[in-house]
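Here are my notes on this model, as numbered points. Please read them with the structure open.

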Amino acid sequence: LRRYDSEYLWHPFTQMSEWEGAENIIITRGEGSYIIDTDGNRYLDGVGAIWTNVHGHCRAEINEAVKQQVDRLEHSTLLGLSNDRAAHLAKRLIDIAPPGLAKVFYSDNGSTAVEIGVKMAFQYQQQTGNKQKTKFIRFDNAYHGDTVGSMSVGGIAIYHEVYAPLLFPTIMAPSPYCYRCTLSPEGDCNSCGLLCLKELERLMEQHAHELAGLVIEPSVQGAGGMIVQPPGFVKGVRELCDRFDVLMIADEVAVGFGRTGAMFACGKEGVTPDIMALSKGISAGYLPLAATLTTKKIYDAFWGDYAELKTFFHGHTFTGNPIACAAALASLDLFEKERLLESLPPKIAYLNQRLHGLLELPHVGDVRQEGMIGGIELVVDKDTRKPYHWEERVGVRVCLEARKRGLFLRPLGNIIVIFPPLSISMDELALLMDGIEASITAVTG
Ligand code: PMP
């Protein structure tokens, strides 16, 4: 199997052999917070099946819902038809979404959910007489996916270098990265009064006439480095969007479905975006599913009496797949039955305590947390905040150490990511944090 994998499989981003010294791990089973490989080794899943896993692996209730759905209907189409699971799920999503969101447009991955939001915002402005409003604000360090459209509105520098000629023009705003603030004179913006919001205000004032929308990962920029935004930032962005008549597109692909401790990150600051992109946790990691939610006002511009074109040019083959929707419905049932959100505060508090404990280590420069998301930034020198050179692969080395201790982790450069299943037990969380602490010590001293 390992030979098949290395000979025939093209992995996303890194090839497994690049994790030098490591044997390819091939997972065959999942059980609660653990994944199990071909040799029977068990790994605590510290990144929750790449940030999707909400209730643990192979939850009996979701397995059952999926099995039942396979026997009833595997797929039809939402193009000219509906299916019962997709319709039910749309209603349940609107019930839990920030108030004011009223319509659900399905797709099958996070990048596309964002790209749909961008296209919706663009076409909305065109169809409501704002023909000059064609541009988008994106944030530094933002990750919205890797399709051409979602890369265009993201802020990952390497994508904008490699694919530059393919990307559409945007206006980039600085994001709040308190540990490495470039705006505040002290280089630490925790007490700066949100200078990044002031800079955003300046940009919006300058470009309002040509701005269709703004795309933001509310609360936490995930793939950019688990960068947590200061309180008030999301609300401030909403207020600026209202003031300058710019549509706010919230990408809750990573932070949605309980990850921040609230069902949706926008809800934490009482914000309703105009458009909200969801994926990952939506089906609890079971099947590819995504949704772009929007308001009745935007929907009516496409389908209301006065709408010109009466169509939105988007619709994928697997849109609203009933098996994926059945998994999502079973997941929402579990949220309710297990009072999952209510169960999180002790885990969040424990994570907080353990993360702060890590600051004692000589090379842990910053720890960041929002709910059940954690980020540990490793640095060469804590005083100067000098980052490790990427060639030192310090993040990868820590994750390989963690592997020896029965943990599966995946870093973001020098940042160790914590994104376990929300259902993780306190004992498992303790194991995870012990393993991370020991692995960081083993690599960085
Ligand atoms: N937006 C955010 C915030 C994400 O974290 C990701 C994936 N890491 C995406 C979009 C893209 O999702 P997908 O990989 O499913 O296309």
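Predicted model: local features only at pLDDT ≥ 70, side-chain atom pairs only at ≥ 80, totals over all residues.

1. Start with the annotated sites. The UniProt record, an unreviewed entry, places the feature "binding site" at Gly-110, Ser-111, Asp-251, His-316 and Thr-317.

2. Take Gly-110 next. Gly-110 sits in helix H5, which covers residues 110-127. Is Gly-110 buried or exposed? It has 28 other C-beta atoms within 10 Å, and 20 or more make a residue buried, so Gly-110 is buried. Leaving aside residues up to four places away in sequence, Gly-110 touches Gly-145, Val-253, Ala-277, Ser-279, Lys-280 and Ala-290.

3. Now Asp-251. Its place is in strand E10, residues 247-251. Asp-251 has 33 other C-beta atoms within 10 Å; the threshold is 20 or more, so Asp-251 counts as buried. Which residues does Asp-251 touch, not counting those up to four places away in sequence? They are Val-114, His-144, Val-215, Ile-216, Glu-217 and Ala-277. Ala-277 is on this list, and Ala-277 is also among the residues that Gly-110 touches.

4. Consider the ligand shell. There are 14 residues around the ligand. Which of them come nearest? Gly-110, Ser-111, Gly-145, Val-253 and Ala-254 do. Gly-110 and Ser-111 also carry the "binding site" feature in the UniProt record. Gly-145 and Val-253 are touched by Gly-110 as well.

5. Look at what the shell is made of. Helix H5 gives the most to the shell around the ligand, with three residues.

6. Then the overall fold. The chain holds 15 helices and 17 strands. How does its radius of gyration stand against the globule rule, and what follows? The radius of gyration is 22 Å, close to the 22 Å that the rule gives for 445 residues, so the chain is as compact as a globular protein of that length. Along its principal axes, the C-alpha trace spans about 65 × 60 × 45 Å.

7. Last, packing and contact range. Of the 445 residues, 47% count as buried. Gly-110 is buried, and Asp-251 is buried. Consider contacts between residues at least 6 apart in sequence: 70% of these join residues at least 24 apart.

How values were computed. Residues numbered from 1 in each chain as written. Helix = DSSP H or I, 4+ residues; strand = E, 2+ residues; numbered from the N terminus. Rg over C-alpha atoms; globule rule 2.2 N^0.38 Å. Buried ≥ 20, exposed ≤ 12 C-beta atoms within 10 Å, placed from the backbone. Contact = placed C-beta atoms within 7 Å. UniProt positions renumbered as here; feature names shortened; annotations may be inferred. Near = placed C-beta within 6 Å.
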